[in-house]
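Reader: Could you walk me through this structure, one question at a time?

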Amino acid sequence: MTPAAAPRTRIVIVGAGFAGATCARRLERLLRPGEADVLLIDVHNFFVFTPLLVEAGIGSLEPRHVIVPIRQFLSRRTRFRMAEVTGVDVQAGRVLYHMMGEDEPRVAEYDHLVLATGSVTSLPPVPGLAEHGFEIKSLADAVGLRDRAIHMLERANVCADEAQRRALLHFIVVGANYSGVETAGEFNEFLRAGARQYRNLKPADVRVTVVERLPRILPAMPAGLAQYALRKLRAAGIDVRLETTVSRLAADHAVLSTGERLDAHTVVWAAGIAQNPLARVLPLPQDARGYLLCEPDGRVRGQQNVWAIGDTAVNPAPGGGVYPPTAQAAVRQGACLAQNIARVLRGRATKPFAFRDLGAVSAIGCRSAVADIMGIRLSGFAAWWVWRTIYLLKMPTLSRKARVMIDWTLELFFKREIVQLGLHARGLTPRGPVGDTQGDRAG
Ligand SMILES: Cc1cc2nc3c(=O)[nH]c(=O)nc-3n(C[C@H](O)[C@H](O)[C@H](O)COP(=O)(O)OP(=O)(O)OC[C@H]3O[C@@H](n4cnc5c(N)ncnc54)[C@H](O)[C@@H]3O)c2cc1C
């Protein structure tokens with residue numbers, strides 16, 4: 001009789017974003033065949049390469065080209081399930097997940113659980129925000145915002161009333177960190193270039209306002225670069241309001257904390273992130289905002305076999321402080337955690353996560369950016385070129401790199417196409433009086 005094979009260690013990873021997918025990929029390389037069974041679960045069978053998400057929004061890149069297909073990113077050694085995890089029984093070591101279209105949940109038992117569920121946009125209880133606000137977090141958000149922008153151009157083109165027309169073409173972006181600044185800069189350029197393709201519109205009809213609660217933009221960037229970005233945004237015609245926030249939203253206007261009313265039909269909320277709803281309700285130690293508190297090796301505090309990485313976790317960095325919620329940190333935490341899990345499986349001691357932040361780059365529109373990479377500071381076109389080069393190199397898989405490069409090359413020679421893809425319902429339905437019934441201008 002041959003002896004029964006030892007049961008394989010079961011590793012379940014929830015979330016196949018930057019952190020979870022990297023962890024799974026690194027485990028594929030580190031684990032010997034048969035050493036463990038890795039199950040990765042995510043609602044989507046791709047992850048969004050968020051640094052290029054706004055580019056998909058403005059049509060510089062095809063939306064499909066800013067996502068990374070999981071089944072190409074990983075080999076068949078990792079089992080993947082496209083499903084939503086709805087519960088975790090930490091005592092019993094079980095994960096409950098729902099496959100799309102199935103009524104009954106499925107159960108996955110684990111010996112090690114990795115929580116990599118990311119974050120969601122922070123949406124404070126501002127009246128009107130849930131009904132009228134837009135986000136820029138998912139692929140659907142980016143495509144939806146582009147559809148919204150084009151819809152507004154179409155309506156403004158036939159709107160006889162000048163004030164109404166300007167309100168239709170007024171976009172407010174709340175939050176002036178990386179995604180807010182990039183959204184404002186790029187959509188300002190997109191709308192102004194788009195307006196040129198309409199008979200009754202001119203670029204000056206477009207208005208973009210950035211509203212930021214802090215006294216400066218890009219708080220994580222060196223002050224000099226943030227000042228440069230501010231000057232560039234203003235030179236491009238963007239109205240930047242500092243130490244201000246939005247206190248109320250309606251279909252056709254927003255009210256600022258100063259009491260001022262801005263007539264605008266589109267408000268994009270890009271002011272911070274919040275904990276993922278699943279991770280928030282798990283019986284695990286959390287900080288005041290619900291993020292999972294971890295030990296320096298990635299273990300959730302007080303747990304032997306539950307680990308957390310990426311935006312969902314608070315991972316201490318060497319020398320005090322914590323790693324920031326960025327793709328850069330998520331990828332490197334995913335790789336460090338895979339090594340620690342492999343160490344545990346082989347009876348070795350884990351190591352604390354230790355990596356240096358390489359810096360940050362932010363696009364600000366008009367082929368301009370600011371960059372602070374390992375202490376080297378750049379601004380303007382040079383920084384923008386560095387920004388594109390870095391993300392092209394970072395984009396996983398050769399086929400994705402090729403697609404991105406082709407899109408960028410074609411963009412040099414052809415005008416952007418002002419077409420509504422109509423893939424996302426949000427923002428396409430008229431949401432209130434817009435004044436375009438007063439007379440259809442020939443256009
Ligand atoms: C517009 C924008 C631009 C950005 N630009 C940059 C940048 O230039 N540089 C940078 O470093 N960072 C950038 N970031 C931040 C970066 O995207 C995040 O820090 C990073 O995605 C975090 O990685 P993660 O793996 O923790 O989460 P994510 O990448 O968000 O992955 C989480 C995954 O978990 C899945 N999931 C969540 N809940 C469940 C559930 N219940 N069941 C199953 N699956 C679930 C989600 O579907 C998702 O795929 C940007 C973010 C945005 C929104």
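Reader: Which residues does the domain assignment give to domain 1 and to domain 2?

Author: Happy to start there, with the note that this is a predicted model. The C-alpha centres of the two domains lie 29 Å apart. The domain assignment gives 9-121 + 274-345 to domain 1 and 129-271 + 359-413 to domain 2.

Reader: Which element gives the largest share of the side of domain 1 that touches domain 2?

Author: In this contact, 21 residues of domain 1 meet 25 residues of domain 2. On the domain 1 side, the elements that give two or more residues are α2 (53-58), β4 (67-69), α3 and β9 (119-121). The largest share is 5 residues, and they come from α2.

Reader: How many residues on that side of domain 1 are charged?

Author: The side of domain 1 that touches domain 2 includes 14 nonpolar residues and 6 polar ones. The number of charged residues there is 1.

Reader: Staying with β4, is Ile67 buried, exposed or partly exposed?

Author: Ile67 is found in strand β4. Leaving aside neighbours within four places in sequence, Ile67 is in contact with Phe46, Phe47, Val48, Phe49 and Leu139. A buried residue needs 20 or more other C-beta atoms within 10 Å. Ile67 has 19, so the class is partly exposed.

Reader: What separation do the C-alpha atoms of Ile67 and Phe49 have?

Author: Phe49 is one of the contacts of Ile67. The two residues are 18 apart along the chain, and their C-alpha atoms are separated by 5.5 Å.

Reader: Which residues are closest to the ligand?

Author: The ligand is surrounded by 35 residues. Domain 1 and domain 2 each supply at least three residues to this shell. The elements that give two or more residues to it are α1, β2, α2, β5 (79-89), α7 (178-195) and α10. The closest residues are Gly15, Gly17, Gly118, Gly310 and Thr326.

Reader: And how many residues of the shell around the ligand are nonpolar?

Author: By class, the shell has 4 charged and 13 polar residues. The nonpolar count is 18.

Reader: Which elements do the buried residues of α1 pack against?

Author: The buried residues of α1 are Phe18, Ala19, Gly20, Ala21, Thr22, Cys23, Ala24, Arg25 and Leu27. They pack against β1 (9-14), β2 (36-42), β3 (46-48), α3 (70-73), β8 (112-115) and α10 (327-345).

Reader: Which residue of β17 does Val174 stand opposite?

Author: Strand β11 (residues 170-174) runs parallel to β17 (residues 266-269), and 4 bridges join them. Phe171 stands opposite Thr266. For Val174, the residue opposite is Trp269.

Reader: How many bridges does β17 make with β10, and which residue does Phe134 stand opposite?

Author: β10 and β17 pair in the parallel sense over 2 bridges. Both faces of β17 are covered, with Thr266 and Val268 buried on one side and Val267 and Trp269 buried on the other. Phe134 stands opposite one of these, Val268.

Reader: Last stop, the hairpin of β22 and β23. Which residue in its turn has a positive phi of about 55°?

Author: β22 (359-365) and β23 (368-373) have a loop between them. The two strands pair in the antiparallel sense over 6 bridges, and Ser362 has Val370 as its bridge partner. In β22, 5 of the 7 residues are buried, so β22 is largely enclosed by the rest of the structure. The turn residue with that phi is Cys366.

Reader: What phi does Arg367 have, in that loop between β22 and β23?

Author: Arg367 is partly exposed, with 14 other C-beta atoms within 10 Å. Its phi is positive in a residue other than glycine, near 50°.

How values were computed: Residues numbered from 1 in each chain as written. Predicted model: local features only at pLDDT ≥ 70, side-chain atom pairs only at ≥ 80, totals over all residues. Pairing = 2+ DSSP bridges. Buried ≥ 20, exposed ≤ 12 C-beta atoms within 10 Å, placed from the backbone. Contact = placed C-beta atoms within 7 Å. Domains from an automatic or database assignment. Nonpolar A, V, L, I, M, F, W, Y, C, P; charged D, E, K, R; others polar. Near = placed C-beta within 6 Å.
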